[in-house]
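Subject: Structure handover

Hello,

Here is the structure we talked about. Please open it alongside this note; what I found follows below.

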Amino acid sequence: MDKKVVTRFAPSPTGHFHVGGIRSALFNFLFARQKGGTYILRSEDTDKERSKREYENEFLELFDWLGLKHDQFFRQSDRIKVYRKYLQKMIDDGFAYLSKETPKEEGERDEVIRFKNPNKKITFHDLVLGDITVDTTDLGDFVIARDMDEPLYHLAVVIDDFEMEVTHVIRGQEHAPNTPRQILIQEAIGAPRPLYAHLPLILNKERAKLSKRDESVPGAIEYKKRGYLPEALLNFMALNGWNPGGEQEVFTLSELIKKFDISKVQKGGGIFNPEKLEWLNKEHMKLLTPAEIEKNILAWLPEEMRNKIPKRPSFGTKDGLLGIIFERISKWGDIKEIVAKGELDFFFKAPEYEKEKLIFPAQSGSASGGKNFNLEKISQNIKEVINVLQALEEKDFTKENIKNALMILADKMDSRGEVLHPVRFALSGLDKSPDPFIIAEILGKNETLSRLQKAI
RNA sequence: GGCUCUAUCGUCUAACGGUUAGGACGAGUGCUUUUCAAGCACUAAAUUCGGGUUCGACUCCCGGUAGAGUCACCA
């Protein structure tokens, strides 16, 4: 029988968590879930100077939002006694020793604990990279602890993975060169060697590793703040450096759990592509139920709009107000942007505009152009529109009926824009807007007629 | 610089000795009852370079080149 799978993701709370870490966490999570194993989250805060609880809280919030639920949680600063025990044993067994030092930098001790390097070649098998051999002689007798109560990263990691019975160490490729020294420590404390899988790095546009200080790609929690969908982000991260083989690109978390295959992980690093994330997010939004979409759009709308929103019968449909907003965004946060640009204002109050703008703009390249039209002609057209719309009953004031009525008029003109544009502009006050029929329906008969009247 | 790793369209990737080298994002063009958005269709776009091995190489081997990572009393 195989041992029960145990994976772990071990971030250090020394800065804002970056998106690259999401994928490491995700792959550990996927692998454990798929194998019915355990997924451990471990906060590596042995560096007292730089570790901050606020950063830990940040990634805790992030994983909660993403739905990457861990089975166990550990904090290394809670385990100092454990490390001390192993440290003492290593010293007793001659694998480590106290070393007198001359401090080179401020804060450095004059006595540290060094690992007695046996200076040998270590070969380990990597599930992604294959066999890797490194001569550890270059490492020298490296420092494993400042003192008995201040272990350093490599020591703490090895002890924790051993005690927590971690079977698979899945982490970023930047750790690959460090692996041999961790193996050395394992051998010294008699720990079994876990299976390693070093993931390709996620790079920024400059092809450099994503880091906590990177400005070009925002910190992970930003994606929550900007209204991305957790599953979309996860889906996107999964597809950077891994691919199940088919042509499907949109996956839910449970599909990812089923399809994940560590042998299909890429070797080379991949650049983080924000446009693709944007597209994928929209794809996941389309998977939401109408009720979920309504709830989210309403939640992201400013309060004053939310309270005054015109709820026509068409409200929740593709051609209703929600539909209009939905097709213009690819993440919830975009709502704030279109609101800021004033693109929604006309639904809430009659637009102000210069009357000349009612004139259908001359088509570029068209010989006849729009010069023939003047305000009188436009005014005449709008009057006819009003007459036609008057005839519609309040209950029949729907997109289809309005369109049928107006198109008859529009088709009589040299160009449909001669009537369609002034109507659209009178209703919206914008050069670019949804089509006039939809706007009219959303506004309702009274408001539509009043705005047209005003235009005249 | 030493060590380690990597290399298919601009980007993410498929093809694990035999394909007109496929898909997606993005871009461009066009269509769709004015515009915008959305949608649809089409187009352009890649095997880093040399050598081998083989009937046949994106695929295997060697070398060059390029890129990345790592060499802390950080993780």
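First, a definition for the residue classes: Ala, Val, Leu, Ile, Met, Phe, Trp, Tyr, Cys and Pro count as nonpolar, Asp, Glu, Lys and Arg as charged, and the others, Gly among them, as polar. By that scheme, the surface near RNA strand B has 23 charged, 19 nonpolar and 18 polar residues.

Note that this is a predicted model. It scores ipTM 0.95 and pTM 0.93. The average pLDDT of chain A is 92, and 96% of the residues score at least 70. One stretch needs care: residues 363–372 have a pLDDT below 50. Beyond near neighbours in sequence, that stretch makes eight contacts in the model. Where pLDDT is low, the predicted coordinates should not be read in detail.

RNA surface

RNA strand B is surrounded by 60 residues. The closest are Ser12, Glu44, Glu101, Tyr153 and Gly268. Several elements each supply at least two residues of this surface: β7, β8 (143–147), β13 (270–271), α9 (274–286) and α16 (417–428). Of these, α16 gives the most, with four residues.

Helix α16 and its partners

Helix α14 (residues 375–390) crosses α16 at roughly 80°, and their axes come within 10 Å. Angles of 65 to 115 degrees count as roughly perpendicular, so α14 and α16 are roughly perpendicular to each other. On the α14 side, Ile378, Asn381, Ile382 and Val385 take part; they meet Glu418, Val419, Pro422, Val423 and Ala426 of α16. This contact has seven nonpolar, one polar and one charged residues.

Helix α15 (residues 399–412) packs on α16 at about 130°, with the axes 7 Å apart. The two helices, α15 and α16, are therefore oblique to each other. Here Leu406, Leu409 and Ala410 of α15 meet Val419, Leu420 and Val423 of α16. By class, the α15 contact has six nonpolar residues, no polar and no charged ones.

Helix α5

Is α5 (residues 179–189) mostly covered or mostly open? Mostly covered: eight of its eleven residues are buried. They are Thr179, Pro180, Arg181, Gln182, Ile183, Leu184, Ile185 and Ala188. These buried residues pack against α3 (80–92), α4 (153–163), and the strands β5 (111–115), β6 (121–126), β7 (130–135) and β11 (195–199). Just after α5, Gly190 has a positive phi of about 75°.

Best wishes

Key: Residues numbered from 1 in each chain as written. Chains lettered and ligands numbered in written order. Predicted model: local features only at pLDDT ≥ 70, side-chain atom pairs only at ≥ 80, totals over all residues. Buried ≥ 20, exposed ≤ 12 C-beta atoms within 10 Å, placed from the backbone. Contact = placed C-beta atoms within 7 Å. pLDDT = per-residue confidence, 0-100. Near = placed C-beta within 6 Å. Axes fitted to C-alpha atoms, helices over the stretch in contact; angles between N-to-C directions. Parallel < 35°, antiparallel > 145°, perpendicular 65-115°, else oblique.
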